Amino acid sequence: MAAYRRYVLRCGNHSDGAEEKLPMGDVAARLAEIVGDRNLLTGEAISEDYAHDEALTAEPQKPAYVAKPATAEEVAELLKAASEYHVPVTARGSGSGLSGAARPQADGLLISFERMNAVLEVDTGNHVAVVQPGVTLAELDARTAEAGLGYTVYPGELSASVGGNVGTNAGGMRAVKYGVTRNNVLGLQAVLPTGEIIRTGGKTSKISTGYDLTQLIIGSEGTLALATEITVKLHPRLAHGATVLAPFGDFEQVMAAVPAVVSSGLAPHILEYIDNLTMAAIVYNEKLELGVPDKIRETCEAYLVVALENRESGRLEEDVETVGELLGELGAVDVYVLEGNSARKLIEAREKAFWTAKAVGADDVIDVVVPRTAMPRFIAKARELAMAAGGGALGCGHAGDGNVHLGIFCKDDAKRKQLLTDIFAYAMELGGAISGEHGLGRTKAHYHAELEDPAKIELMRRIKQSFDPAGILNPGVLFPEGKA
């Protein structure tokens with residue numbers, strides 16, 4: 001016997017809100033016509049991997065259908081069918097997101113971009129690359145390296161897809177110098193839920209013609225449109241790099257050093273802080289040898305990591321010497337210049353700090369952003385709130401841009417929810433926001449709805465309605481269920 005689901009048909013004679021039953025087999029047949037039988041999965045053929053992303057608090061959920069389109073036209077037909085049958089749609093790149101935005105709904109369609117994974121063009125004259133959304137950062141890095149260029153957004157996981165980065169406006173450690181995804185995407189080809197294919201922006205570095213739809217779609221977490229082609233900005237690769245590690249005995253000194261390094265003119269491409277407990281976990285898990293004596297490791301409160309790059313080795317050496325002297329004047333216990341394998345391993349370990357937090361039992365991971373100078377107050381308050389709730393908060397962050405990553409340890413669900421509400425509220429009071437780069441997804445949407453200005457929420461709802469009148473794209477993401 002065929003299974004049935006109920007879908008609201010918002011067309012023709014059904015504008016009165018009446019509902020009809022539509023066999024799931026009929027929906028599957030329609031979707032298979034679009035992508036081919038081999039590229040549509042249903043039932044037991046859908047693996048567990050499609051049921052989740054990497055969010056710690058979003059329960060896995062298999063969708064009813066997984067479609068693997070190969071072209072923008074196939075994506076358009078899938079969205080037209082989904083709008084007609086009112087099937088909720090979730091887009092998926094590599095599933096490396098941390099907010100639950102790529103977790104599908106039980107009666108929904110998951111559009112996986114794994115087949116749309118080509119680097120279409122590396123344009124050396126305009127310093128751009130044109131890619132499909134399923135291209136991973138590792139694949140893009142390999143292709144652009146051949147031309148001596150690189151895409152500079154590295155959110156901590158090289159298996160992440162460019163399309164996923166667009167969805168969440170991903171950032172990463174290099175944002176202090178190069179910016180986040182929205183600063184490095186020049187144009188999109190995108191499919192609207194109605195099936196219309198549009199192009200926004202292009203290979204030009206500036207535009208002042210109407211609304212900037214490129215920037216509106218970036219960071220919308222698959223709720224407005226699905227990107228099917230992305231034009232990204234490339235930068236020349238600099239041949240020489242060095243990483244400086246500076247332990248501080250006092251956390252306030254670390255935070256005070258950050259604006260001094262930023263204003264020095266040295267232009268670090270990585271400027272990170274790591275608290276002592278997180279560093280200890282990273283060193284243990286990754287078996288790092290950093291050359292820091294036990295006495296210093298046991299007494300310091302936090303570390304500052306400064307990575308510099310230059311096209312000339314001599315100038316790089318001068319910059320390293322300058323930053324070392326500056327950090328010493330600002331209170332660093334000592335300064336260590338990491339080279340080669342040690343530097344690479346530390347940066348890689350820092351990029352995987354989420355996995356370290358997960359391994360040591362964090363109950364959630366947050367990525368609050370505050371003005372850079374407010375970081376000491378925010379981190380002190382977050383720790384205080386966590387202790388009062390019977391838990392803890394530790395971590396690291398992008399010190400150069402105020403993005404604080406904290407592992408939250410609080411087993412009681414109710415207490416943890418209140419703790420996060422209080423932490424997010426304080427960040428917003430300081431002029432910050434709930435998420436700096438992971439996005440709201442499903443896991444943080446209700447905090448946003450509770451704490452954000454209602455006028456802004458209502459404006460976002462109207463924007464969502466104008467793009468997606470049938471309400472099919474990622475319901476429950478950005479707006480809690482029933483509040484879109």
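This is a predicted model: local features need pLDDT of at least 70, side-chain atom pairs count only at pLDDT 80 or more; totals for chains, interfaces and linings use all residues.
Visitor: Let's begin with salt bridges. How many does the structure hold?

Guide: The structure holds 24 salt bridges. To read one, look for a side-chain nitrogen of Lys or Arg within 4 Å of a carboxyl oxygen of Asp or Glu. One of them joins the side chains of Glu 121 and Lys 203, at 2.9 Å from N to O. Glu 121 belongs to strand E7 (residues 119–123) and Lys 203 to the loop between E11 and H6, so this pair ties together parts that are 82 residues apart in sequence.

Visitor: Are those two partners buried, exposed or partly exposed?

Guide: Glu 121 is partly exposed, with a relative accessible area of 30%, and Lys 203 is partly exposed too, at 33%.

Visitor: Which residue does Arg 237 meet in a salt bridge?

Guide: Its partner is Asp 141, and the N to O distance is 2.6 Å. Arg 237 sits in the loop between strand E13 (235–236) and strand E14 (240–248), while Asp 141 is in helix H3, so the pair links parts that are 96 residues apart in sequence. Arg 237 is partly exposed at 37% relative accessibility, and Asp 141 is partly exposed at 25%.

Visitor: What about Glu 452 and Lys 456?

Guide: They form a salt bridge as well, with the closest N and O atoms 3.4 Å apart. Glu 452 is buried, with a relative accessible area of 16%, whereas Lys 456 is partly exposed at 44%. Salt bridges can also be read as networks: those that share partners join Glu 121, Asp 123 and Lys 203 into one.

Visitor: Which backbone nitrogen does the side chain of Gln 132 reach?

Guide: That of Asn 117, at 3.2 Å. Gln 132 is placed in the loop between strand E8 (128–131) and helix H3 (137–145). Gln 132 counts as buried because its relative accessibility is 13%, and buried means under 20%.

Visitor: Let's turn to the surface. Which residues gather in a patch of negative charge?

Guide: Glu 317, Glu 318, Glu 321, Glu 325, Glu 329 and Glu 339 do. Take Glu 329, which lies in helix H10 (residues 313–329). Glu 329 is exposed, with a relative accessible area of 66%.

Visitor: And which residues form a nonpolar patch?

Guide: Tyr 211, Leu 213 and Leu 216 form one on the surface, and together they have about 340 Å² of accessible area. Tyr 211 is in the loop between strand E11 (197–201) and helix H6 (213–217). The relative accessible area of Tyr 211 is 79%, so this residue counts as exposed.

Definitions and conventions. Residues are numbered from 1 along each chain as its sequence is written. Side-chain values use heavy atoms; hydrogens and water are left out. Patches are made of residues with over 30% relative accessible area and no salt bridge: like charges are joined within 9 Å, nonpolar side chains (Val, Leu, Ile, Met, Phe, Trp, Tyr) within 5 Å. Accessible areas come from the Shrake-Rupley method with a 1.4 Å probe; for residues, only the protein chains shown count as cover. Lys and Arg count as positive and Asp and Glu as negative; His and the chain ends are not counted. The place of a charge is taken as NZ of Lys, CZ of Arg, CG of Asp or CD of Glu. Helices (H or I, at least four residues) and strands (E, at least two) are DSSP runs, numbered from the N terminus. Buried means under 20% relative accessible area, exposed over 50%, partly exposed in between (1.4 Å probe, protein chains only). A polar contact is a pair of N or O atoms within 3.5 Å; within protein, one must be able to donate a hydrogen and the other to accept it, and residues adjacent in sequence count only if both atoms are side-chain atoms.
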